[in-house]
Amino acid sequence: MLHTSFRGKTSLLLLTLLTTMSLRPAPMAGQEPDSLPKPTAQNDPTARPAVAPGYFLFPIKPGKPNFLAASMGEIRPNHFHGGLDIKTDGRTDLPVYASAEGYISRMKQSAFGYGNVLYITHPNGMTTVYGHLNRFLGPVADFLRRQQYEKQTYELELFFPKDQFPVKRGEVVALSGNTGGSAGPHLHWEVRDAQDTQLNPLQWGQYAEIQDHVPPQLQAFAVEPLSIDARVQKRFEKATFVPKAPPAAGTTLVWPDTISCYGTVGLLLQGFDRYDNAWNKNGLQRVEVKVNGQPLYTYSMDGVPLAETRQISDHIDYEWQKTNGRTLEKLFVDDGSTLSVYTTGPNKGKLRVEAGKLYSVDVRMSDSYGNTTPLQFVLRGEQPAYYKTRSAAVRRAALRYDITRNILRIITPDPDTAAQAGNVVLYKGSKRLALKPSYTAQSENVYLYDLRAGLPDSIRFGGIAKRFDRPAAIPAGVEQGFATSNMNLAFAPRTLFDTLYLQTSYKEGVWTVHNQRIPLLLPLRLTLKPDGEVADKTRSAVYMVNARGGRIYQGGKWDGNQITLPIKLFGSFKILADTIPPTARLTRRGPGGLTFQVGDNLSGLNSYTLLIGGRFRLLRYEYKNATLFTESNDTIGPALRGPATLRITDQAGNEKILTLNL
């Protein structure tokens with residue numbers, strides 16, 4: 001609650017004062033209907049493309065038992081997993097079969113991402129994708145090799161017309177591998193539609209190769225206040241509920257206690273699925289929520305547009321994951337989300353809880369094979385009231401604050417024994433606004449303020465004062481800049497998921513841009529301005545740094561004495577000079593070819609070229625074990641005999657030349 005420190009003033013005077021100091025009272029929560037309307041889809045996630053069962057052949061060991069390492073739509077650090085990961089018996093070079101008739105429309109070789117990947121387009125307009133391959137086979141492999149020698153590069157992406165490389169259903173088109181970002185041997189298999197929506201192949205019928213009779217497993221659920229007047233168990237903070245013993249898969253978990261709530265709240269869930277005879281945890285395929293028997297929210301991971309996959313950071317509680325280590329999926333849709341996997345009503349899955357009412361919540365977690373695990377609990381509407389509880393552990397007053405969505409939450413541990421805690425005062429210039437405590441729990445007073453009413457300069461509680469270190473509110477959906485004497489930030493309309501209360505600092509050559517608990521949707525353009533002249537700009541670049549001494553190359557382009565780059569994560573950055581060349585040594589030479597162990601102390605490998613007798617010989621790079629090696633099936637390059645030169649450069653332009661006589 002808000003009030004002035006002046007007694008006897010009218011509410012009109014209060015509003016005038018607050019408007020003058022640009023600290024306005026928080027807006028009242030909007031009234032929402034008692035009944036839950038039937039859902040309307042943002043983009044109907046249950047609308048399945050028409051594909052006959054069995055149209056797509058299982059691409060690894062078809063007709064034989066197999067296992068999945070990952071399912072469609074699983075949660076990854078910065079994207080939804082876009083297909084199925086099929087186990088390959090812990091080894092490489094299993095035959096990969098074309099899932100249906102079509103033509104090879106695209107292929108790529110890379111040390112990162114999907115590694116060696118093949119795309120086959122089919123008559124129904126869909127495309128199957130085969131990633132992390134070890135080798136391509138057939139005429140397309142020969143064509144690729146000739147193009148690599150013509151362009152003198154291993155990393156290459158090619159696109160093909162319809163009639164150039166036709167394939168038949170069941171034709172062996174490649175051998176499975178462990179290339180790119182793969183964490184172990186497997187085949188990454190996708191089905192995409194013509195709009196590049198990644199589709200779940202299991203939605204068109206169960207594959208005999210993959211058996212699944214195991215329902216999903218609940219790990220935890222949570223209830224979170226979403227409006228300034230909201231409370232969960234009388235507090236303005238997320239409450240997480242973890243079963244004392246994991247319930248048996250498929251059995252209904254009925255939470256034994258009603259959960260006290262008020263205002264607009266959101267539900268969250270953590271769970272996983274397993275396939276038969278497999279230990280690894282997979283993602284949930286579908287979650288449905290009903291309240292008092294009426295549909296509230298559904299998500300389905302049967303189709304995720306490739307353009308939306310980075311919105312995973314808004315599908316989960318990203319900050320909670322970073323701070324508490326638990327990955328909770330939101331069972332409501334945040335205002336800035338455009339993900340098309342949801343079906344909701346007009347309140348987007350957010351639930352308005354009123355005092356004196358009960359809300360019976362039914363949550364159903366399902367996998368692709370129809371196995372389902374239910375969860376049931378009851379929310380009890382309880383009007384908030386001020387209360388105070390004490391803790392003998394609090395001996396000295398203090399002050400701290402955090403921000404949840406648009407709400408500033410101020411917490412003051414306070415040993416005072418008065419029946420009600422004192423006020424917190426917000427200052428903006430010479431203006432002041434006093435806040436009453438919302439509640440006091442364990443001798444910690446909690447005060448709430450909606451930052452959309454204006455940003456304060458400082459906060460005071462008794463004799464303790466703190467500067468409010470968020471100098472700007474950056475809204476999502478617009479282009480906006482922010483500048484200090486040592487950095488510039490340029491936000492594009494889709495850089496942010498939601499309004500950002502920006503925090504920056506600069507100290508001793510380290511620029512900190514907010515913190516990694518908040519995600520970015522698209523890169524932020526960052527310009528750093530060093531204190532003094534940077535001596536060797538050709539070797540100097542920006543690196544992300546952490547408290548453990550880690551340094552990750554980010555790059556950047558110099559313009560005078562400032563450097564600009566796009567960043568994908570908030571964090572701390574430093575300009576470092578890399579003046580040490582990379583290293584290389586020959587570790588294997590024989591009939592199977594050559595292998596070089598390579599490394600770099602800072603910026604990382606950028607380019608490599610092997611010449612034998614003055615002629616180019618193709619090398620393949622594997623970053624996971626830092627090796628460069630020739631391929632035994634290379635029939636175009638020169639023989640591995642005679643004088644040879646390996647030339648490698650790092651990202652800073654330092655060069656290492658290794659001369660050999662093979």
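## Basis

This is a predicted model, in which local features need pLDDT of at least 70, side-chain atom pairs count only at pLDDT 80 or more, and totals for chains, interfaces and linings use all residues. Residues are numbered from 1 along each chain as its sequence is written, and side-chain values use heavy atoms, leaving out hydrogens and water.

## Helix H2

Helices (H or I, at least four residues) and strands (E, at least two) are DSSP runs, numbered from the N terminus. Gln152, with a positive phi near 55°, follows H2.

## Salt bridges

The structure has 32 salt bridges, each a side-chain nitrogen of Lys or Arg within 4 Å of a carboxyl oxygen of Asp or Glu. Arg192 and Glu190 form one of them, at 2.7 Å from N to O. Arg192 counts as buried because its relative accessibility is 5%, and Glu190 counts as buried at 0%.

Another salt bridge joins Glu224 and Arg405 at 3.7 Å, N to O. This pair links distant parts of the chain, 181 residues apart: Glu224 lies in strand S14 (residues 217–225), and Arg405 in the loop between strand S27 (400–404) and strand S28 (407–413). Glu224 is buried at 7% relative accessibility, whereas Arg405 is partly exposed at 26%. Both belong to a network of salt bridges that includes Lys238 and Asp314.

Terms used: Buried means under 20% relative accessible area, exposed over 50%, partly exposed in between (1.4 Å probe, protein chains only).
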